[in-house]
Amino acid sequence: MLFNSLNFAIFLPTVFFIYWFITKKLKYQNILLLLSSYFFYACWDYRFLFLLMFSTLLSYYTVIKMHESKINSSKKFWFWLNIFTNLGFLGFFKYYNFFAVSFAEALTHFGLKTNFWTLKLILPVGISFYTFHGLSYVIDVYKEKIEPVKDVIEYSVFVCFFPLLVAGPIERATHLLPQIQKNRYFDYSKASDGLRQILWGLVKKIIIADNCAIYANMIFNDSSNYSGSAKIAGALFFTFQIYCDFSGYSDIALGTARLFGIELLKNFSFPYFSRDIAEFWRRWHISLTTWFRDYLYIPLGGSRGGTWMNIRNTFIIFLVSGFWHGANWTFLAWGALNAFYFLPLLLSKKNRKNLDTVASGKLIPTFREFIAMSTTFMLTAFAWIFFRAESITQAFSYISSIFSRTLFTFPHEVLKGRALLIIAIIIIFMIIEWIGRENKYAIEKIGLKWNIAARWSFYYLLCLSIMFFMRQDQQQFIYFQF
Amino acid sequence: MNRFIIKLAFFTLLFFIMIVLLSYKKNYLVDTNDYMAAMIYKHQLLKNIPGPRIIIVGDSNVAFGIDSHEVEKVLNYKVINMGLHIGLGLDFMLNEIKDDIRPDDIIIISIAWFLPETGSPGVQSHAALFYPDAKKYFKQSISEILFFPVLEMQENIKVDFKKLINNKLKKRNFNEEIVTPVYSRRAFNEYGDATAHLDLPSTFKIDYKNDIISYQYYKGIKNLNNFYQYAQSKKANVYFTFPCYPESLYKINKKVIDAYYNDLKKDLIMPIITTPDYLIFPDNYFYDTYYHLNRKGRDIRTKLFIDTLKKNVINKNTNN
């Protein structure tokens, strides 16, 4: 069930109505959230619903046993059982074929022919996300940051809450569980704010991402037929596609959760206005990067232990982050490239230089800020080529063919008609994002001081624009494949 | 809470009223140059030309690949080319001519390999925008029915926007070069043949990743048989033939195509008047995709088409 589908447009109000009007007590609200989350997931693939339930119950049970264990070795046993089981499921479904094929290819280079079985495995939707939810819980309980949840319904809602189930944000038990465990009251301003954020998420997804996808796919899938300048256009279209697709999903998830009185973690903070790569990674997929920081980088030693350990840990994080996205060398290459971008900042100790919002309180950035943002933007756009390519070979072929005689020709074959309209819309979109960059999401405060006619006219303009650009063949969200 | 619900309900109601108002205007039917709007004229031909006719049923492989004027000249039959878009699907293509079959009509079916029976809802709905009767030829789901006013609204706004831009351009006296786009209503001639591409350079290239066909038993055989029986009840004759296809792709997909042919020979009750390799051409006879012939390919295909009809259809009908 896509967020931008008729089915979801029926599902959400139905659950909302029952939640606030019928199941008014906390216990019943949580049961409703759990059942509706299972239904939501089953609409994707009912076969993997049992895997989700099993993984949830296993985590719940092992954490209770871990917490009850008096002996340290027993505690560690339950802890590692939980970790290995959850990572085992993830590893099997997501990475088995990759390792089997890669290992076989590596042996072939040494003249050894092997026949590893590859399995026709379907990747369960959201497995990367809900696995990491569960891991954050077990680690936080093990470190005694929180008490284990006794109520299996509350824990299940934490893992399976439908707005974040298939593509995050990756929530923390310390942040989400308390909200699930306490009474929730309807708040008019929060609900309105939630609807506004959903609207903005739909604008990003339907108007920008889905239309950029047309051109990005057209160019990447047939890159040998396009000029160097067209390939740059393709990379830029993908840059906006992935941002608007993923952050649009997050906006819809956060807005939807707010309708039920629940605040989720912010996942994006206007990353394309970053002044350096370090700032970019503080603003992009925040829930994942902070997860890796807290549960991998810091336990590895973090920035303590000298420069080389810091570099090592940084590379590990970026490579693992790349690998988390998918079983392909291109994701590893993308992660490694970002690590190389980060390295100069790390060595010069400037990785925590830009902690505030660029040009805070001002409309126009300084020339220096503009150059810094443009440079960071181009570096990330370049890295996205690896992320989008089907293989390392395709990525290098794509990049090398950009730098040809056709680099300085106008890409007539791409930039015509509808594509020019999309570019104009992207420019307007980035202006709105720039104006709203100090808020939770771009249009959070737009129109709040206007009269109702003006404010509703603005919302209707966005709604009609969504309707105008909506395609009947709905594009799935990119991050569902992770 | 009540305030929230009331405001939201009122907002939604106003929005739906806006959609209805914006989708109400149907002027775009007259002004549009949309490719799918070619269906309007094809159906006018079907209704107005008296029988017996040769009706060519299929996807864009026939739209781009047959010179109906030449067929008409040689065989002395009126020809109607119903070919338009692969996304319409087999059932749509067969259903759309059922009401207009006349006695002694000759119906030639030439469809893409394993053409899906149900087709693409997006393409079908798009066709129905311009030719409302098209709704009878496919099953609309609830979401498609609800989405239809949105499609109409999109088309209205597009046409109005284009008119506005064209008016502004004319006021500035830009030199207008009138080139008929290949995928437009104006690309079709008076027989329903697509012709705008004929003098354009070929851009066809094989996509070795996506152009490989997988074998499956073709479930459309049952639908073809049902159609054959229906046409026979109306005293019309139906024949099956294969699409044009490039040599290099045929070599790669030959085993699958042969298996498909064997299934048709076994289970299809209408006469098959060519073999799969009859319309296999060199790659440079194709315009942009592996079903769209350029002028050279089209001329040769038309000649072969005429020969086939003479040998397997016209002379046989005359003898009968």
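**Salt bridges, chain B**

I began with B:Lys78, which is partly exposed at a relative accessible area of 42%. For my own reference, buried means under 20% relative accessible area, exposed over 50%, and partly exposed in between, with a 1.4 Å probe and protein chains only. B:Lys78 forms a salt bridge with B:Glu72, and the closest N and O atoms are 3.8 Å apart. I count a salt bridge when a side-chain nitrogen of Lys or Arg is within 4 Å of a carboxyl oxygen of Asp or Glu. B:Glu72 is buried, with a relative accessible area of 16%.

**Ground rules**

I note that this is a predicted model, where local features need pLDDT of at least 70, side-chain atom pairs count only at pLDDT 80 or more, and totals for chains, interfaces and linings use all residues. Residues are numbered from 1 along each chain as its sequence is written, chains are lettered from A and ligands numbered from 1 in the order in which they are written, and side-chain values use heavy atoms, with hydrogens and water left out.

Helices here are DSSP runs of H or I with at least four residues, strands are runs of E with at least two, and both are numbered from the N terminus. A:Glu144 counts as exposed at 58% relative accessibility, whereas A:Lys75 counts as buried at 16%.

I then turned to A:Asp193, which forms a salt bridge with A:Lys440, with 3.4 Å between the closest N and O atoms. A:Asp193 lies in helix H9 of chain A and A:Lys440 in the loop between helix H17 (418-435) and H18 of chain A, so the pair ties together parts 247 residues apart in sequence. A:Asp193 is buried, with a relative accessible area of 7%, and A:Lys440 is partly exposed at 34% relative accessibility. Both belong to a network of salt bridges that also links A:Arg196, A:Arg258, A:Glu263 and A:Glu444.

**H9 against H18, chain A**

I followed helix H9 (residues 188-221) to helix H18 (residues 452-469), both of chain A: they pack at about 35°, with axes 9 Å apart. Axes are lines fitted to C-alpha atoms, for helices over the stretch in contact, and angles run from 0 to 180 degrees between N-to-C directions. Among the H9(A) residues that meet H18(A) are A:Arg196, A:Trp200 and A:Asn211, and the H18(A) side includes A:Tyr459 and A:Phe469. Contact means heavy atoms within 4.5 Å.

**The sheet, chain B**

I found 4 strands of chain B in an open sheet, in the order S2-S1-S3-S4 with parallel pairing. Two strands pair if DSSP finds at least two bridges between them. The edge strands are S2 (78-81) and S4 (237-241) of chain B, and the twist averages 20° from one strand to the next. Helix H3 (residues 38-48) of chain B packs on this sheet, touching S1 and S2 of chain B, its direction at about 150° to that of S2(B). Strand S1 (residues 53-58) and strand S3 (residues 106-110) of chain B are joined by 5 bridges, and B:Ile56 has B:Ile108 in S3(B) as its bridge partner.
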